[in-house]
Amino acid sequence: MAEPQQDMREKPAVRIQSHKENDFIEVELDRQELSYQNLLKVSCCELGIKPEQVEKIRKLPNTLLRKDKDILRLRDFQEVELILMKNGSSELIEHIPSLLEKPCYNSNAAKMTY
């Protein structure tokens, strides 16, 4: 008797940080393509926002996701929140590179191995 094939997709639950909206949506990511940039791209597409609008990605309750290794540790239905840049402050947007340009807040942490 053959074993059932494991699902080849990861399904984190994603939402935009908001005081008005608490609902999450599930997104599907191929495990072979599980990366920070792919999570950002797919989440933004599903939520109808641009990746340039995202300042941070947080695994709830309080862990910032900064690199591919952080994303690889996600499990199905783990709650992830996108924190958007402040609209009212153009200075903030001008001086902080988007996550597409800067996928890790600490370049030394990106080189660490676990």
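Good morning. The structure is a predicted model, in which local features need pLDDT of at least 70 and side-chain atom pairs count only at pLDDT 80 or more, while totals for chains, interfaces and linings use all residues. Residues are numbered from 1 along each chain as its sequence is written, and side-chain values use heavy atoms, with hydrogens and water left out.

I begin with the sheet. Helices (H or I, at least four residues) and strands (E, at least two) are DSSP runs, numbered from the N terminus. Two strands pair if DSSP finds at least two bridges between them. Five strands form an open sheet with mixed pairing, in the order β3-β2-β7-β5-β6. Because β3 (25-26) and β6 (63-65) each have a single partner strand, they stand at the edges, and one side of each is left without a neighbour in the sheet. Strand β2, residues 13-16, pairs with β3 in the antiparallel sense over two bridges. A13 has E26 in β3 as its bridge partner.

Helix α1, residues 36-47, packs on this sheet and touches β2, β3, β5 (54-59), β6 and β7 (79-84). Contact here means heavy atoms within 4.5 Å. The direction of α1 makes about 105 degrees with that of β5; axes are lines fitted to C-alpha atoms, for helices over the stretch in contact, and angles run from 0 to 180 degrees between N-to-C directions.

Next, the core. Buried means under 20% relative accessible area, exposed over 50%, and partly exposed in between, with a 1.4 Å probe and protein chains only. A nonpolar core is a set of buried Ala, Val, Leu, Ile, Met, Phe, Trp, Tyr and Cys residues joined through side-chain atoms within 4.5 Å. The largest such core has 17 residues, of which L39, V54, I57, L65, I71 and L82 touch the most other members. Two or more residues come from each of α1, β5 and β7. Which element gives the most to this core? It is α1, with five residues.

I turn to charged side chains. A salt bridge is a side-chain nitrogen of Lys or Arg within 4 Å of a carboxyl oxygen of Asp or Glu. The whole structure contains four salt bridges. One of them joins E10 and R31, at 2.9 Å from N to O. This pair links distant parts of the chain, 21 residues apart: E10 is in strand β1 (residues 9-10), and R31 is in the loop between β4 (29-30) and α1. E10 counts as buried because its relative accessibility is 4%, whereas R31, at 32%, counts as partly exposed.

E81 also forms a salt bridge with R15, with the closest N and O atoms 2.9 Å apart. Since E81 lies in β7 and R15 in β2, the pair ties together parts that are 66 residues apart in sequence. Both E81 and R15 are buried. E81 meets R58 as well, at 2.8 Å from N to O. Here β7 holds E81 and β5 holds R58, 23 residues apart.

Finally, the backbone. Most residues other than glycine have a negative phi, and most peptide bonds are trans. The peptide bond from L60 to P61 is cis, with omega near 15 degrees, and P61 lies in the loop between β5 and β6. F77 is not a glycine, yet has a positive phi of about 65 degrees. F77 lies in the loop between α2 (68-72) and β7, and counts as partly exposed because its relative accessibility is 48%.

Thank you.
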